[in-house]
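I have kept to what can be computed from the coordinates.

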Amino acid sequence: MPELPIPSYDDILAASDRISGYAHITPVLTSRTINEFTGGEIYFKCENFQRAGAFKFRGACNSVFSLTDEEAAKGVATHSSGNHGQALALAARLRGIPAYIVMPENSPRVKVNAVKGYGAEVTFCESNQQARESTLHKIVEKSGATFIHPYDHFNVIAGQGTCALELLNQQQDLDAVFAPVGGGGLLSGTSITAKERPDAVMVFGAEPEKADDAYQSLKSGTLQRFDTTQTIADGLRTTLSERTFAIIQNYTDDIFTVGEQEIVDAMRLIWERMKIIIEPSCSVPVAALLNGRFDCSGKKIGVILTGGNVDLDHLPWQ
């Protein structure tokens, strides 16, 4: 199998320039209460304030604006449970091209409505990977649209790396950066950025115990795949690709796992103490720090809060 191309730090710098007119520079916030709970200084990179409500806009925007005019005219397509679909739909609208999004039938309504609101054509499928891929294949064949994978894509990974690039420029004395891991696009881009800078820092992933393929892959040295996962963190139900596993294996220091109740408790704590909305996937690295998976004592830790697209009619503590 040929080696898949992997973005470099220079590619992430180029992505930062490419998306600079479209993506928000999101704030970094702190909480005295959470610092007291963890014993460290925690700096939250608030991608819940990003356009389309999540970090995914970075990778989608970089991918859409990397297309040639001829490619772009036929549109873009993807399969997504929500955040990547929203991001790609918005990026396509900004470039004035069509977007075709395949969504599992159990996708959160707030995310479905947002994808449609950005003008994309939504097609529903059964909630499994095979259905996603087969439905998308038919749409791509018919439309000629370019498939932008949610995470296993060179330009997506490079775009996601711009989040850590901003964070490390905003807070220059961090000891480590934490990010959640599902398909691994964000953790891959984060790891490349953090390790290839002159001021390299440690990078850690966090994952639900009920969807711990990345943890098991890193520990075993072999890519592990799950057919179905039941975690409340819907954005982390996907599994690593060959490309993202190779990057994480090479660059990421470790991955920690947390239980479902820990995820819910961390999410609620952020809502109550910081007065900001985050979705369950965001709270996974927060839960890892709050529950002692990593010793934060005396350390400055960056945490990427990945998104804030929550179905307010179905909150996990209701």
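1. The model is a predicted one, and its protein chain is made up of 13 helices and 10 strands. For 318 residues a compact globule would have a radius of gyration near 20 Å, and the value for this chain, 18 Å, agrees with that expectation. The C-alpha trace spans about 55 × 45 × 40 Å along its principal axes.

2. Of the 318 residues, 58% count as buried, while the accessible surface of the chain comes to about 12,900 Å², with 45% of that area belonging to carbon and sulfur atoms. Among contacts with a sequence separation of 6 or more, 73% are made by residues 24 or more positions apart.

3. The largest nonpolar core has 34 residues, and those with the most contacts inside it are Phe44, Ile301, Val303 and Leu305. Two or more residues each are given to this core by strand S2 (41-46), strand S7 (176-180), S8, S9, helix H12 (260-274), helix H13 (280-290) and S10, and the largest share, seven residues, comes from H12. Another core, of 26 residues, lies apart from it and includes Ala52, Val64, Leu90 and Ile97.

4. Leaving aside neighbours within four places in sequence, isoleucine 301 is in contact with Glu41, Ile42, Tyr43, Leu174, Ala176, Phe178, Leu289, Phe294 and Cys296.

5. A search of the whole structure finds eight aromatic pairs. In one of them, the rings of tyrosine 22 and phenylalanine 65 have their centres 4.3 Å apart and their planes at 20°, and because planes under 30 degrees apart count as stacked, this pair is stacked. Tyrosine 22 sits in the loop between helix H1 (9-19) and strand S1 (28-29), whereas phenylalanine 65 sits in the loop between helix H3 (56-64) and helix H4 (69-73), so the pair ties together parts that are 43 residues apart in sequence. Tyrosine 22 is partly exposed, its relative accessible area being 28%.

6. How are the rings of phenylalanine 204 and phenylalanine 256 arranged? Their centres are 5.5 Å apart and their planes lie at 35°, so the pair is tilted. Phenylalanine 204 belongs to strand S8 (residues 202-208) and phenylalanine 256 to strand S9 (residues 254-258), so that the pair links distant parts of the chain, 52 residues apart. Phenylalanine 204 and phenylalanine 256 are both buried, and ring pairs link Phe178, Phe204, Phe256 and Phe294 into a cluster.

7. Helix H9 (residues 185-196) has 12 residues, which at 1.5 Å a residue should span 16 Å; the end C-alpha atoms of the helix are 17 Å apart, which agrees. Because 10 of the 12 residues of H9 are buried, the helix is largely enclosed by the rest of the structure. The buried residues of H9 include Gly185, Leu187, Thr190 and Ile192.

8. Tryptophan 317 lies in the segment after strand S10 (300-305) and is partly exposed, with a relative accessible area of 26%. Leaving aside neighbours within four places in sequence, tryptophan 317 is in contact with Val264, Met267, Arg268 and Trp271. From threonine 239, tryptophan 317 is 78 residues away in sequence and 26 Å away in space, C-alpha to C-alpha.

Conventions. Residues are numbered from 1 along each chain as its sequence is written. This is a predicted model: local features need pLDDT of at least 70, side-chain atom pairs count only at pLDDT 80 or more; totals for chains, interfaces and linings use all residues. Side-chain values use heavy atoms; hydrogens and water are left out. Rings of Phe, Tyr and Trp (its six-membered ring) pair if their centres lie within 6.5 Å; planes under 30 degrees apart count as stacked, over 60 as edge-to-face and the rest as tilted. Helices (H or I, at least four residues) and strands (E, at least two) are DSSP runs, numbered from the N terminus. Buried means under 20% relative accessible area, exposed over 50%, partly exposed in between (1.4 Å probe, protein chains only). The expected span of a helix is 1.5 Å times one less than its number of residues. Contact means heavy atoms within 4.5 Å. The radius of gyration is taken over C-alpha atoms; the globule rule is 2.2 Å times the number of residues to the power 0.38. Accessible areas come from the Shrake-Rupley method with a 1.4 Å probe; for residues, only the protein chains shown count as cover. A nonpolar core is a set of buried Ala, Val, Leu, Ile, Met, Phe, Trp, Tyr and Cys residues joined through side-chain atoms within 4.5 Å.
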